[in-house]
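Student: I'm new to this one. Could you walk me through it, and let me ask how you know each thing?

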Amino acid sequence: MNWKTTATAMGLALLATTSLARADGELNIYNWGNYTSPDVIKKFEAKYNIKVTITDYDSNDTALAKVRQGGTGFDIAVPSQTYVPIWIKEGLVLETDPGKMENFKNVAPEWANPEFDPGRKYSVPWALGTVGVVVNTDVYKGPADSWGIIFNTPDELKGKVNVVPEMNDVIFAAIKYVGGQQCTTDKEVLKKVRDTLVAAKPNWIAMEYNTIEKMGAGDFKATSDWNGSALRQRLANPAIHYFYPKEGYGLWSDNLVVLKEAKNVENAKLFQNFIMDPENAAGLSAFHRYANAITGSDKYMPADMKDAPEVVIPEADKPHAELQLMCPPDVQDLYTKIWTELQK
Amino acid sequence: MASAEEVAKAAERRDVRDRWLLSAPALLIILFAATGPLLIVLVYSFLTPGSYGDVRWQFSPEAWVSVFMERDIFDDTLSIAAAHVTIFWRSIKLAIVTTIATLALGFPTAYFMATRSEKTRDLWLFLITIPFWTNLLIRTFAVLQIIRNEGIVNAILLKLGIVSAPIQILYTDTAILIGMAYVYLPLMVLPIYASMEKLDFRLVEAGYDLYATRFKVLRRIIFPLVKPGVIAGSILVFIPALGAYVTPSVLGGGKNMMLSNLIELQFGQGRNWPLGSALSIAVMVIVMVALLAYVRNAGRSEVRHG
């Protein structure tokens, strides 16, 4: 190729890329992997003529570390409730005041003024869920609504239990199991937590995230897990059930915030408002398989989620739910030590 | 006269300048891509952890202390960091066993390849390098499919009636070793093959002519001559095996931490970047000491044999 044709080709390529971005605007979303419904995004793009780009992350810590470095080019991120106060405190998020947005009226009252973002000054609910126990009832038929499945494994499940290695979730569960409060620094309780964990570990087969496939294939017969994952497992094998531990189980919610360094602030605000619409919220749920905090969205929910016990917490189990909090750094330090002790 | 001297000086100056300019790309890469990041890790290991990840710019030897010592969270006594020692030892042990296993498998493989005809040799070499085209994670998952309870091995054993229930291989130490040996085998075969290929097989024949047994030929002729390949292969396997992360967690189930999991924990949920940095440097030092000891030892025994 001679110089002239190369230059022409480059020019054409440049033209092609710029014409692609000929939408009225752009929106760069930074979200967990496999979490953003392509259908809802398409709808948003069509409605406002905005080009949306999605980048994945795999943990709250990764997202926080990256955004803190700055210069990411992202407009939006979706941290968990435990991390939202950190994002706010570190000045990473923009005060967009979603509480005053048009669709905010749809947010369920119990999520309209959460302690992690009082008055909803920054964040909009994206998804919410629980951490509980999944059991293959073909193998174990006894009562399973307890963390005892994990920490005092019944004989049928010994050597077949998996634990999702999410440190804060596991320690939370163990504290609840021994009757303590989350983020406790009570040494007596923590000693019990450590002893319980260390004694329970020989009955576990693995500590893995890949539960959907392994429960399906039968490598695991029980696991600690998130409710959305449990739903997928039951749809693949009806014998697999999700249980809400009666000692207390963690409630979490991921929340959409606009970054302070966002270049497309107006588009990001449009998106915040857009996902509080019941139909769109249901569209997001249909994809990520978790509940949302938008009243009226149940009408639009897919049939297999409408009455799913994994998504809609049964009345009897509701009192045991507890919103998980971010523990202070010195407490976190103790938990890391117990965790290292457990996995050494 | 003076002008000639000046010309010579100018030429020399130009020469020096050219030399710097020509080596500049290499120097820049070494400085910014190799040494620079390491220096950052070193500096971070002497700082104070930030509240939620990252570091605070305040000197603290705390990270280095906690690499070796731990304060019991219950009775506050200071003792050797048993958890860290256990985890370090687990990784070192795995690296050593992997090196031995790949050597045991790789040496005969390389010998077999080197003794084929010139044409077929290329084919064997090609077959050995094929796995490199695939991502490590995919190769590990392939092993998982073979050894899991519903996997190929158990299906065959069940069908033949050798076992009545599937054998639990997945999530055991055996599984980790199978995976590691498979993944790192080419790294051992290739350097041994490279030196084996240059081996003059007439020496082997001469050995037999002088009534040496097969074992003696292997020990006194073949092995000393391919030793550089064995050393290179062992180093190539040992170092990455020490930091292995994917294979042990996928096949071992992730119940027990490896060195790299411990380091990852500090940068992730543990939020103690200085400790993570200090642990990383400690691993590097261990590798360096082990290598020096190994190379020196290997060199000395060569002298003795020679």
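Student: What makes residues 88–296 of chain B a helical stretch?

Tutor: In this predicted model, residues 88–296 of chain B are 78% helix and 0% strand. Helices (H or I, at least four residues) and strands (E, at least two) are DSSP runs, numbered from the N terminus. The UniProt annotation "domain: ABC transmembrane type-1", from an unreviewed entry, covers residues 88–296 of chain B. UniProt positions are given in the numbering used here, feature names are shortened, and annotations may be inferred rather than shown by experiment.

Student: How are the numbering and the model's limits handled?

Tutor: Residues are numbered from 1 along each chain as its sequence is written, while chains are lettered from A and ligands numbered from 1 in the order in which they are written. Since this is a predicted model, local features need pLDDT of at least 70 and side-chain atom pairs count only at pLDDT 80 or more, whereas totals for chains, interfaces and linings use all residues.

Student: Which residues of chain B carry the feature "transmembrane region"?

Tutor: The unreviewed UniProt entry puts that feature at residues 20–47, 94–112, 124–144, 175–194, 229–253 and 273–295 of chain B. Take residues 175–194 of chain B: the span is 100% helix and 0% strand, with end C-alpha atoms 30 Å apart. Residues 229–253 of chain B are 84% helix and 0% strand, and there the end C-alpha atoms lie 34 Å apart.

Student: Why is chain B called more spread out than a compact globule?

Tutor: Its radius of gyration is 26 Å, well over the 19 Å that the globule rule gives for 306 residues, so chain B is more spread out than a compact globule. The radius is taken over C-alpha atoms, and the rule is 2.2 Å times the number of residues to the power 0.38. The C-alpha atoms of chain B fill a box of roughly 80 × 75 × 40 Å along the principal axes. Twelve helices and four strands make up its list of elements.

Student: How is chain B split into domains?

Tutor: Domain 1 is 2–71 and domain 2 is 81–305 in chain B; such bounds come from an automatic or database domain assignment. The centres of these two domains of chain B are 33 Å apart, taken over C-alpha atoms. Still, 19 residues of domain 1 of chain B are in contact with 14 residues of domain 2 of chain B. Being in contact asks for C-beta atoms, placed from the backbone, within 7 Å. On the domain 1 side of that contact in chain B, α2(B) gives the largest share, five residues.

Student: What makes Gln324(A) count as buried?

Tutor: Gln324(A) has 21 C-beta neighbours inside 10 Å. A residue is buried if 20 or more other C-beta atoms lie within 10 Å of its own, exposed if 12 or fewer, and partly exposed in between, with C-beta atoms placed from the backbone. So Gln324(A), with 21, counts as buried. It sits in the loop between β10 (321–323) and α14 (329–343) of chain A. Its contacts, not counting residues up to four places away in sequence, include Thr82(A), Phe172(A) and Trp252(A). UniProt, in an unreviewed entry, places the feature "binding site" at Gln324(A).

Student: And is Lys158(A) buried, exposed or partly exposed, and why?

Tutor: Lys158(A) has 13 C-beta neighbours inside 10 Å, so it counts as partly exposed. You'll find Lys158(A) in the loop between α6 (148–151) and β5 (161–162) of chain A. Leaving aside neighbours within four places in sequence, Lys158(A) is in contact with Thr153(A) and Asn203(A).

Student: How do you know that chain A touches chain B?

Tutor: By the contact count: 30 residues of chain A are in contact with 26 residues of chain B. The largest share of the chain A side, eight residues, comes from α14(A). That side divides into 13 nonpolar, seven polar and ten charged residues. Here Ala, Val, Leu, Ile, Met, Phe, Trp, Tyr, Cys and Pro count as nonpolar, Asp, Glu, Lys and Arg as charged, and the others, Gly among them, as polar.

Note on methods: Two residues are in contact if their C-beta atoms, placed from the backbone, lie within 7 Å.
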